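Biologist: I would like to learn how to read a model like this one, feature by feature. Could you walk me through it?

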Amino acid sequence: MRTTADIEEMIAGMASGDRDAFDALYAATSAKLFGVCLRVLNNRAEAEDALQDAFVKVWRNADRYSANGFSPMTWLITVTRNTCIDRLRARKARLGDMDEAVEVADAAPGPEALAIAASDRARIVNCMEGLAPEKAQAVRRAYLEGETYQELADVFDVPLNTIRTWLRRSLLKLRECLSHD
Amino acid sequence: MTDDIDPDEELMLAAEYALGLLAPEEAAAFEQLMARDADFREEYEAWAENLADLTDDIAPVTPPPALLNQIRAAAFGTAAVAAPQPEEVEPPATAPVFETATAQGRGLLQRLGLLPAVGGGLLAALVALWVIDATIGPSLALPTATATLVSEDESLVVEIAYTDDGEWLEFNRRTGRAPEGQDLQLWLINGDRAPISLGVLPAAQTGQLRVPEDYRQLLHGGNCAISVEPLGGSPTGAPTGEVVAIAPIVWET
């Protein structure tokens with residue numbers, strides 16, 4: 001298991017063009033990031049393409065990493081997640097909304113999350129428990145499935161204006177919980 | 001539930017931006033807000049950190065071994081495709097290394113290394129720019145900058161090109177026009193500065209806009225945006241209408 005400092009060092013190496021550092025970062029993080037791609041895209045070929053796009057972006061932007069305020073794993077996960085969401089949305093745009101109905105029950109926490117002791121879970125996971133289940137699910141769906149307000153409104157069968165108010169309130173509540181120590 | 005605390009609308013934009021819930025023009029506006037105000041940037045960063053933890057329960061899956069070489073080829077611009085050696089570990093020693101000299105951008109998006117999850121057309125354009133940027137060799141004499149601005153529904157596509165040290169920025173309106181009775185205005189956005197007008201886009205399909213000398217340097221690391229404005233352009237000197245397209249300015253050296 002690599003530490004945060006190890007990963008930062010690899011990114012710094014990549015910033016100066018060190019390809020060995022790229023390989024080291026890939027070895028240390030690609031399984032996690034590929035898992036994210038598979039989770040978001042639910043399609044192996046697309047997940048491989050997305051992982052490639054994400055690592056190319058990371059390589060090309062490594063010299064700018066130190067200027068952003070992210071911890072290294074957050075940066076890698078965010079780049080990967082955004083890349084996957086973009087692909088997912090492009091796919092949805094191609095297919096229309098045909099696949100909408102089959103996706104519904106997908107965003108609940110996996111069995112792994114339930115197995116992690118509450119004390120070791122990320123704060124956001126605990127804070128999500130303070131939300132009504134459908135609101136926690138809406139946040140997960142937005143983050144992990146890239147759902148738009150319109151899609152969330154359709155899934156939860158509420159008007160578009162309502163969903164935004166509804167989700168903003170949930171996010172505000174989440175923010176209050178997250179900022180408590 | 002009428003006694004809920006009234007959400008701080010602007011602050012909640014950071015969460016919505018991190019979740020990719022904002023429309024492209026809202027996302028672009030929020031990026032400008034972040035560029036000007038560190039509080040919003042920090043708010044976004046805090047959300048991104050917390051939301052990334054939602055992936056904690058996602059089990060790692062080792063990608064297929066052959067993928068690394070393919071990714072290396074894409075990242076380093078080397079021709080690994082010509083000699084597929086899936087298990088190869090060392091990168092080719094003689095490969096050119098020009099790719100690290102490209103993309104001197106310092107715009108917010110590029111600084112963050114992030115492209116927001118926004119609508120398809122704009123993203124397709126951004127992806128296309130990545131590809132172009134990754135495949136151009138170091139053969140051109142003068143650095144040339146390009147940007148392709150695409151509105152969300154792809155009804156407006158404007159390409160711009162600029163050669164370093166030149167006075168004129170060329171535009172090519174591939175498709176689309178201003179709404180009846182309005183004009184399209186081109187803006188240069190760079191870091192913390194207020195958007196700088198590059199002028200109203202003439203109705204012609206192609207043409208040139210003069211870039212004042214003081215602003216030429218800002219094309220490095222900047223973004224271009226197009227807003228819909230009253231006839232003759234924004235009366236205030238800042239964008240007043242909807243920002244319909246935004247794209248990074250990409251330098252090819």
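Biologist: Let us begin with the fold. In what order do the elements of chain A run from the N terminus on?

Modeller: Please keep in mind that this is a predicted model. From the N terminus on, the order in chain A is α-α-α-α-α-α-α-α-α. Counted up, chain A has 9 helices and 0 strands. Of its 181 residues, 54% count as buried. Among contacts in chain A with a separation of 6 or more, 63% link residues 24 or more positions apart.

Biologist: Now helix packing. How do I describe two helices that pack together?

Modeller: Two packed helices are described by the angle between their axes and the distance between the axes. Take helix α2 (residues 19-41) of chain A and helix α4 (residues 72-95) of chain A. Their axes come within 10 Å and cross at roughly 35°. The crossing of α2(A) past α4(A) is right-handed.

Biologist: Which residues of α2(A) and α4(A) make that contact?

Modeller: On the α2(A) side they include Leu25(A), Leu33(A), Val36(A) and Val40(A). From α4(A), the residues include Leu76(A), Ile77(A), Ile85(A) and Leu88(A). Sorted by class, this contact has 12 nonpolar, 2 polar and 3 charged residues.

Biologist: And at what angle do α3 and α4 of chain A pack?

Modeller: Helix α3 (residues 44-61) of chain A packs on α4(A) at about 135°, and the axes are 9 Å apart. Angles over 145 degrees would count as roughly antiparallel, so α3(A) and α4(A) are classed as oblique to each other. α3(A) also passes α4(A) in a right-handed crossing. Contact residues include Asp49(A), Asp53(A) and Lys57(A) of α3(A), with Thr83(A), Arg87(A) and Arg91(A) among those of α4(A). By class, the contact of α3(A) with α4(A) divides into 7 nonpolar, 3 polar and 6 charged residues.

Biologist: Let me turn to a single residue. Is Gly35(A) buried or exposed?

Modeller: Buried means a relative accessible area under 20%, and Gly35(A) has 4%, so it is buried. Gly35(A) lies in α2 of chain A. Beyond its neighbours within four places in sequence, Gly35(A) is in contact with Ile58(B), Ala59(B) and Val61(B). Gly35(A) and Leu51(A) are 16 residues apart in sequence, and their C-alpha atoms are 9.6 Å apart in space.

Biologist: What about the nonpolar core? Which residues touch the most other members of the largest one?

Modeller: Those are Leu174(A), Phe30(B) and Trp47(B), in a core of 82 residues. The largest share of this core, 11 residues, comes from α2(A). A second, separate core has 26 residues, including Leu169(B), Leu209(B), Ile226(B) and Trp251(B). As for Trp47(B), its contacts beyond four places in sequence include Leu171(A), Leu174(A) and Leu178(A), together with Met12(B) and Ala18(B).

Biologist: Finally, backbone angles. Which value is phi of Asn42(A) near?

Modeller: Phi of Asn42(A) is near 55°, a positive value in a residue other than glycine. Asn42(A) sits in the loop between α2 and α3 of chain A. Exposed means over 50% relative accessible area, and at 63% Asn42(A) is therefore exposed.

Biologist: Where is Asp157(A) placed in chain A?

Modeller: Asp157(A) is in the loop between α8 (149-156) and α9 (160-178) of chain A. Its phi is positive, about 55°, although Asp157(A) is not a glycine. With a relative accessible area of 69%, Asp157(A) is exposed.

Notes. Residues are numbered from 1 along each chain as its sequence is written. Chains are lettered from A and ligands numbered from 1 in the order in which they are written. This is a predicted model: local features need pLDDT of at least 70, side-chain atom pairs count only at pLDDT 80 or more; totals for chains, interfaces and linings use all residues. Side-chain values use heavy atoms; hydrogens and water are left out. Helices (H or I, at least four residues) and strands (E, at least two) are DSSP runs, numbered from the N terminus. Buried means under 20% relative accessible area, exposed over 50%, partly exposed in between (1.4 Å probe, protein chains only). Contact means heavy atoms within 4.5 Å. A nonpolar core is a set of buried Ala, Val, Leu, Ile, Met, Phe, Trp, Tyr and Cys residues joined through side-chain atoms within 4.5 Å. Axes are lines fitted to C-alpha atoms, for helices over the stretch in contact, and angles run from 0 to 180 degrees between N-to-C directions. A crossing is left-handed if the near helix is turned anticlockwise from the far one by less than a right angle, and right-handed if clockwise. Ala, Val, Leu, Ile, Met, Phe, Trp, Tyr, Cys and Pro count as nonpolar, Asp, Glu, Lys and Arg as charged, and the others, Gly among them, as polar. Angles under 35 degrees count as roughly parallel, over 145 as roughly antiparallel, 65 to 115 as roughly perpendicular and the rest as oblique.
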